[in-house]
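Dear colleague,

Please find below the structure that I am handing over to you. My findings follow directly after it.

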Amino acid sequence: MSLEDKIKAAAKNVEGKLEAAAGELTGDTQMKVEGQAKQAQAAAAQVVEDVKDQSKGVLDAIKDKIG
């Protein structure tokens, strides 16, 4: 996962946490749910990037064995 992607995912997660907390404090259910959705999106992005990293590691290992 590139540093830029990590930062984007972390920022989206923080944004979601803040929005969910604000929704909770104000009683705004829609805001709370939208914040939770942003947190879920950030978690999904993290998983996708982790899979990319693992795939690259496997491919690099195969190339080393072949080469």
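A residue is termed buried under 20% relative accessible area, exposed over 50%, and partly exposed in between (1.4 Å probe, protein chains only). Ile66, which is found in helix α2, counts as exposed because its relative accessibility is 70%.

The model is predicted, so local features need pLDDT of at least 70 and side-chain atom pairs count only at pLDDT 80 or more, whereas totals for chains, interfaces and linings use all residues. Residues are numbered from 1 along each chain as its sequence is written, and side-chain values use heavy atoms, with hydrogens and water left out.

Helix α2 covers residues 29-66; helices are DSSP runs (H or I, at least four residues) numbered from the N terminus. Its 38 residues should span 56 Å at 1.5 Å a residue, and the end C-alpha atoms are 56 Å apart, which agrees. The expected span is 1.5 Å times one less than the number of residues.

At the start of α2, a side-chain oxygen of Asp28 comes to within 3.2 Å of the backbone nitrogen of Gln30.

The buried residues of α2 are Gly35, Ala42 and Glu49, and their cover includes α1 (3-26), where contact means heavy atoms within 4.5 Å. Glu49 counts as buried because its relative accessibility is 12%. The side chains of Glu49 and Lys52 are joined by a polar contact of 3.2 Å (a pair of N or O atoms within 3.5 Å; within protein, one must be able to donate a hydrogen and the other to accept it, and residues adjacent in sequence count only if both atoms are side-chain atoms).

Yours sincerely

Technical notes. Helix = DSSP H or I, 4+ residues; strand = E, 2+ residues; numbered from the N terminus.
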